[in-house]
Amino acid sequence: MITAELKKKFDVLLGYYPADQRQAAVIPLLHLMQDTASGNYLTAESQQLVADYIGMPVSKVHEVVSFYTMLSEKPRGKNHMLVCHTLPCDLTGCSSVVSAIADKLHIHDGEVTKDGKFSMEEAECLARCGEGPVMQIGETVYTHLTAEKTAALIDELARKS
Amino acid sequence: MSSPIFLTKNFKNPEAQTYDGYVKAGGYAALKKALTMKPEEIIEEVKKGNLRGRGGAGFPAGVKWGFLPKNYTGPKYLCVNADEGEPGTFKDGPLMEFDPHQMLEGIAITCYATDIHSAYVYIRGEFHKAFRAVELAIEECYAKGIFGPNVMGSNFSLECRPHPGAGAYICGEETGLISSLEGKKGFPKLKPPFPAIKGLFDCPTLVNNVETLACVPHIINMGAEAWAALGCEKNGGTKLYCVSGQISKPGLYELPHSVTLKELLYDHCGGPLSGRTIKAVIPGGSSAKILKAPDEIDVRMDFDSLGKAGTMLGSAAVIVIDDSTSMVRALDNLLRFYAHESCGQCTPCREGTKWISKIIRRVANGQGEIEDLDKILGILTNMVGNTICVLADAAAFPAESFIKKFRPEFEEYIKRGKRMSMTGWREEAVPKAMAGAH
């Protein structure tokens, strides 16, 4: 369901676009919906709610959800780790970050730990190429990573969550 | 070596992220000046300043502005392309995060010059901090009368809003960006009609990159001639160069457009890592054709010089590859990127990028044959120029240039028949997830 607080935010965003172009707000609304959902993902029901709120077909909403990598139809971990694996990060050793995560948490690209604390996704260029290898978790970007730093970071995040 | 900086001058002054701090650092003087000028005078200044579009194409910004229909009474839009995602590029994120008002001032001047009253800043979804910085700065602008019904007390009105992307490289393509802003998947649109005639919500639309807009206040402040003189012929001003990969001092460098690649790498970035030699350099983002070092890197880093050298300045993302790296593995990485990011709309791109990626993956896994290289080159000829946007070409350029310029290394790798590590020339087991892939 869409809470009163969320509705207020939806209406502000819808106000950014011409009255006859409400569907333009679909990505911002889906972000809000996903960020406030447990498991950080979009269920069929939540997609329907957004579709109804905007007044667009749910099939068009689903088309958007399935196109963009940040919108997910599967639950994600509390700490969703985006590990950049594009060339500049690969040249500076991102494979050791991926291996460290696999060794420590036994998860690979697209998987979630059983306790739901962590998930990992090998991401394309995160635009921090001068500081590679990099990993983004939520709003924080961790730079110049090594296997050791990655393992220590996981320990720290596990304690916090 | 220090040369004057403009675009990044506020980066070490956190105060300038606020409206008051930005004004204290001389901000919004250019907008004030611009509002006393005629719109066509501003366009003329930008043309004379030789400002080239900094998203990748290098098209003269003032000329692009001039494509919008004159005396059009319906709505027109400015879409700011802040969907930075070309591998190796990291300039627009910092421009928004550390000096959001500079871009917003550029937006206001550009909209005044083109009689646009509504702007959207399309910001890459992963850029949470930059998004918040721009969002806050926009709110301040409304409170301070920079945006709203009377921009700085004039009769000019302007609405400006941030809009997040959600993870798709293709939305950095201007018509893909427009589709995405319209609430659809980011499919590029066939041109013509060009966005200047039929863009966002089918209205005339101007799409400009963040860095392009950030240059505009400086051109107005110092005048077109002074800005043009900072660079070189037909490439005015200073430019942001993003240097990454195997180099001593990677980072973001603001330098005159006239700097050469060799000077950038050796004088500014400290040269190769200890004990290494630079083997190859991608000069303008992963879609640019690779240059061989040392033979091909004594080239000026402007749009025209790199064009003449058979490659492009693109987004000015310089990726350095040294002798420890396997070109086969590097190309495997890049082709996976394009296969992943193809939007799937055009068959030659959807099928072609996946096909060449699979072939090079097989080669990288030590299971390739010499004729695979020619097969890739053959497939490329059916991709280039046969699609709505240039993503297929962007995949083809590195593929072709890597294979043609480093063919002996590719053949040696194939003859060895083993998967080698990305760096360090060690034999490596084929990862489980890839075993059986062909």
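Predicted model: local features only at pLDDT ≥ 70, side-chain atom pairs only at ≥ 80, totals over all residues.
Residues are numbered from 1 along each chain as its sequence is written, and chains are lettered from A in the order in which they are written. Local features need pLDDT of at least 70 and side-chain atom pairs count only at pLDDT 80 or more, whereas totals for chains, interfaces and linings use all residues.

**Figure 1. Overall form of chain B.** Chain B has 17 helices and nine strands; helices (H or I, at least four residues) and strands (E, at least two) are DSSP runs, numbered from the N terminus. The radius of gyration of chain B, 22 Å, is close to the 22 Å that the globule rule gives for 438 residues, so chain B is as compact as a globular protein of that length. This radius is taken over C-alpha atoms, and the globule rule is 2.2 Å times the number of residues to the power 0.38. Along the principal axes, the C-alpha atoms of chain B fill a box of roughly 70 × 45 × 35 Å. Of the 438 residues of chain B, 56% count as buried; a residue is buried if 20 or more other C-beta atoms, placed from the backbone, lie within 10 Å of its own.

**Figure 2. The open sheet of chain B.** Five strands of chain B form an open sheet in the order 6-5-9-7-8, with mixed pairing. Two strands pair if DSSP finds at least two bridges between them. Strand 6 and strand 8 (291–292) of chain B stand at the edges with a single partner strand each, so one side of each is left without a neighbour in the sheet. Strand 5 (residues 238–245) and strand 6 (residues 251–256) of chain B pair in the antiparallel sense over six bridges, and a hairpin joins strand 5 to strand 6 through five residues. In strand 6, B:Leu252 is the bridge partner of B:Cys242. Strand 5 and strand 9 (residues 317–322) of chain B pair in the parallel sense over four bridges; in strand 9, B:Ile319 is the bridge partner of B:Ser244.

**Figure 3. The largest nonpolar core.** A nonpolar core is a set of buried Ala, Val, Leu, Ile, Met, Phe, Trp, Tyr and Cys residues joined through C-beta atoms within 7 Å. Of the 176 residues in the largest such core, B:Cys79, B:Val80, B:Ala119, B:Leu264 and B:Val281 touch the most other members. Helix 16 (residues 391–405) of chain B contributes the largest share of this core, nine residues. Residues are in contact if their C-beta atoms, placed from the backbone, lie within 7 Å. Not counting residues up to four places away in sequence, B:Val281 touches residues including B:Leu261, B:Ala293 and B:Val318.

**Figure 4. The surroundings of B:Ala113.** B:Ala113 lies in helix 6 (residues 100–114) of chain B. This residue is buried because 26 other C-beta atoms lie within 10 Å. B:Ala113 and B:Lys38 are 75 residues apart in sequence, yet 7.6 Å apart in space, C-alpha to C-alpha. Not counting residues up to four places away in sequence, B:Ala113 touches B:Pro39, B:Ile42, B:Ile43 and B:Trp65.

**Figure 5. The contact between chain A and chain B.** The contact takes 34 residues from chain A and 46 residues from chain B. Helix 2 (26–36), helix 4 (58–67) and helix 5 (87–91) of chain A each supply at least two residues of the side of chain A that touches chain B.

Notes. Buried ≥ 20, exposed ≤ 12 C-beta atoms within 10 Å, placed from the backbone. Contact = placed C-beta atoms within 7 Å.
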